[in-house]
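Me: Could you walk me through a structure and tell me what stands behind each label? I would like every term set against its cut-off.

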Amino acid sequence: MSATFKSMIPVCEGEPCIRNGSNGGPTVHFRQESRRRKSDFARKCIAVILLHAIFLFAILAALIIGHWISEENQKMNNRTMLEKKRNFTVSDVFPPPPDGGFGIAEQLHAIRSNKMSTDALLVPLPLYILPYHYDLQLDFSQFDTTLFIRGNISIHLESYGNSTEDEIQFHLGPNIKIERMRLRKDGKKFYAKTFKREESKKLGRISLRDPLQKGKYILEMAYNMTICDEDVDGVRCSLDNQNNSSLKSTSFTTKFEPTLARAFFPCWDEPGVKATFNITVKHHKKYTVLSNMPPIEQRKPIDWNEQWKTTVFQTTPPMSTYLLAFAIGEFVKLETRTERGIPVTVWTYPEDVMSMKFTLEYAPVIFDRLEDALEIPYPLPKIDLIAARNFHVGGMENWGLIVFEFASIAYTPPITDHVNETVDRMYNEFRIGKLIAHEAAHQWFGNLVTMRDWSELFLNEGFATFYVYEMMSSERPVTAQFEYYDSLAALVAAQSEEDHRLSLVRELATESQVESSFHPTNLYTKGCVLIRMLRDLVSDFDFKAAVRRYLRKNAYRSVSRDDLFASLPAYADHGAEQEKLFSVLEGWFVNEGLPEITLIRNYDNEMMTISQKKTVHHEYRSFLKDRKSVATVRYRGSRSAEDGSTLFDDTLFDGYIERKKDKRRKHRPARRKASTTPPISLISRRDELRKPRRVGASQDLWTIPITYMFGSLKTSEGQVIREFWLKNRTVSFGDAEISPNQAVLVNPEWKYSYRVNYDLLNWKLLARTLHQNHLEINDKSRMQLLLDAEYFLSNSVNPHLYLYLLGYLAHETKMEVMLFGIDAVYRFIDVFKATQLNKAILVYFEPVISQMDHLLNESQVDAETASLWLVKPERLAKLYQMRCAAGLPSCKNDYYTQKWSRAPDEWTEDVHKQVTAVCHQLFTNTPDEVKTVQDLLDNRLHSSGAKWALTVQLAACSHGQKLLRKTARAIVSTKNAAVYASALQSDFSLHYNPTFRKYLWNEISKMSNFEKTALFSTNSTNILPASRILLHSVKTIDELQQIRGLLTNWGPLLTLHFEYLERYLLWISSVSQGVLHQFFAADLSNF
């Protein structure tokens, strides 16, 4: 075959074809990916922390912006001015995540290297002709030497009626070169006029001489393609044999989700279009080729010669193109079976066999659990799991051939039974188990039943994530439950910021929009949370029955959320009234963001008002408001200061009245039922796709299940629970049983994903309840109170109320709640660490931090509890910093400093603990007292890599001016904004070192205007993440003024950031000298 191609070529009449070509085109060379040959034997959780702390300079910097000077230089010619039609205000400014370097990990999680030049519009293909079967013959004989593949495809089409249409459209990637083409109907040639490509939509169009007729057609094409191109991410190659320089790849795996199947073969690349596949592959005998189905056993193998063989696979069930998968390499296999006898095979490389032991043992367990829970057998004859190299995501759920990134499922357990190694093993097994469970759940949710359109992707990912927690709760209930609520907290935080308020169901117009929709929080967690809400509203028994009905009824079909609702009960049960389930949930699916509930009580007449609105964090940042516009809720007995803040009044906390908790109905367990799959006609498939697409318009009104509780468990009446639906913006009612001195708690057990705000007196009553007996409030509600109090109070004119509430943590005994408390206390200390109140705040929190330290020690005797620290290992780093800042003996700064001075490169214990202690020693002593350490650091500033990164972090804790100047120069010489930001937001210290910061900004001021413009991305329409973190690391007005003088023109966007920061820093100064100063001057023993 020849190989020169054009974008539009007439089809020959004698033999309809497109001919001719060479395998021209660029060949992409790949750097070998470095591989870890050993398992990660993390002691406790330090290895994960070090990934942030020590390598943050090199790794995270590269992920965010790389070398910012070179990038800016490339972009200079492509910059655009801000849109003149948009009037930006300070309300358009959003600070980076509050945890600095730790917090930006999620932003990077869902961002991939897709280039905008390869983006394409998503245009639904016409429905008058659709495929029902593909015959695909592939030649992999040259993939390892030329990254080149040939293919022959026969697409069996059904035209659904005589029409005037004379064109066939299909998806075609830009890397595919068509060599020949032919269209047949009933065995006869059906002549075409032209073929042309529409690159902007990645389409191929065949113009026909005559209109299409009702009946079956076969579209045949011969084509070739290059694989592993950086612009086309559907095939991932790996080069493992360095001895043979002629090889460019020794293995590859595919990932076609969401819209990359078109880059591997011409097809109808839409999730709702399902067809069967026959696959045949020619390849070298030394390689194993895998696909969705098992190979057909042949009595006489088809051999091309001594080197080549052909593998023919069984016909697949009807499935979407994005689920088709291939893998080739010199794999070895580990085999086991499910209880039903389905073979489960883990494919890997010979040297990695031992690290796949847990995956091999756990995979059949998960499949057995899912079959038992869903009562629908896994429908394929085999389950393959492959540990792939150079795979850019954790896992891909291809039907029958699940592909994992090697490191995601590789783990070699320690030999000993030491408690630290047991914790490490338990969490690594939990981590791997989650990933296996997620991809296994997709075999039903996504593969057997597939969403019809990418806008309803939650039907795949929401259910899969939901069943992860269901499956993992069987053996790791504590960890699974905590991780769910930790993810819920991240969701509520993300959906409260205007720049992250994404609806679950929304219009997706381009490939890049679909790709970016795979977000860990806004898709996976939000989908899971709403599926869980759905279950709670219809009962566990009815939910399980409905899910089984949904899967059986829609097996091998494509669906929308309407099909899900058709299988669910019609009504949701909450309180005395029932509401239509569809009406309840539709707003939660299509509305942007999440709702917040506000409870306002009238303490004179027993009336309450509950209102709802879309939550927006800026509304509770009082420094963004005009003082006159700040509304103050008045109530009986309140006393307000001149600045609008409210003083504490101990008389408000008398006379609790306690009520009895209602008994809730219980549902019987689910019963097993047999399932059958009816045949699906081609007409019904077409009718499925003809159903109108319904995204829905986002509003700011939800139907919300409201639950509130009051009373005490200590009394005979117990706690009383009320339930009702909030369908309007506001409802007012009376409840005579509630005493004015009783706290009312909304959304007990944090059952639903809405925020809750209260009037100030009720906030005080809740805070006093926590101080007097925190066990009166459920642990999940205590988690929500910590989050909501920070959200509504910490940036208000009453931050002392939030500070008082946090003080109860000195008595908190539940590890899960305390982990939330670590985040909250750390952030509060970090906000005020540059003020004169820093010492008073640390003294106030000393008993809280001591209790955190106590729970840390207690957790070491129970591996399940200790593994909770690994859900977010940076929490342990925060605790180390807080206990040193508070001067607790557990910091051991003298001991660790002497130990480090003797052997600075020998880390025999917890590295982060030691470095934090050394940093504290440097900060709390004069340069003369720590001269030995300073001299050691001075010498190590000439080092490189992780050693240099650690050195500059420690040096920044010192007060030695010579060392600080030298350190500042070394940092600025990297020309990397992420390095600068990391130095300012140390992962080893909560101390504020104004001298170091002054020297660092002075060194930055010496840079050229071009470099400073690039550093802060002042001419860009979007500020780079590292630039934003760098600017928002400022802690004082004086520091802000120093930065402002770096440039004369900051541009419109950064000017607004300066205004935001100025307001914020002035607010910190104001409350430090006002209500917080009064708080610490008061007699707290009377509270």
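What follows is a short exchange on some strands and on an annotated site.

Reply: Happy to! This is a predicted model, in which local features need pLDDT of at least 70 and side-chain atom pairs count only at pLDDT 80 or more, while totals for chains, interfaces and linings use all residues. Residues are numbered from 1 along each chain as its sequence is written, and side-chain values use heavy atoms, with hydrogens and water left out.

Me: What makes β24 and β25 a pair of strands?

Reply: Strands are DSSP runs of E with at least two residues, and helices are runs of H or I with at least four, both numbered from the N terminus. Two strands pair if DSSP finds at least two bridges between them. Four bridges join β24 (residues 571–574) to β25 (residues 577–580), so the pair qualifies, and the strands run antiparallel.

Me: Why are β29 and β31 called edge strands?

Reply: Each of them, β29 (719–726) and β31 (745–746), pairs on one side only. They belong to an open antiparallel sheet of three strands in the order β29-β28-β31. Eight bridges join β28 (residues 704–711) to β29; in one of these, P705 has W725 as its partner.

Me: How do you know that H438, H442 and E461 gather at one spot?

Reply: The UniProt record, an unreviewed entry, annotates these residues as "binding site"; such positions are given in the numbering used here, feature names are shortened, and annotations may be inferred rather than shown by experiment. They span 24 residues in sequence, yet no two of their C-alpha atoms are more than 8.5 Å apart, so they do gather at one spot.

Me: Why is H442 called buried?

Reply: Buried means under 20% relative accessible area, exposed over 50%, and partly exposed in between (1.4 Å probe, protein chains only). H442, in helix α8 (residues 419–442), has 0%, so it is buried. E461, in helix α9 (residues 458–472), has 1% and is therefore buried.
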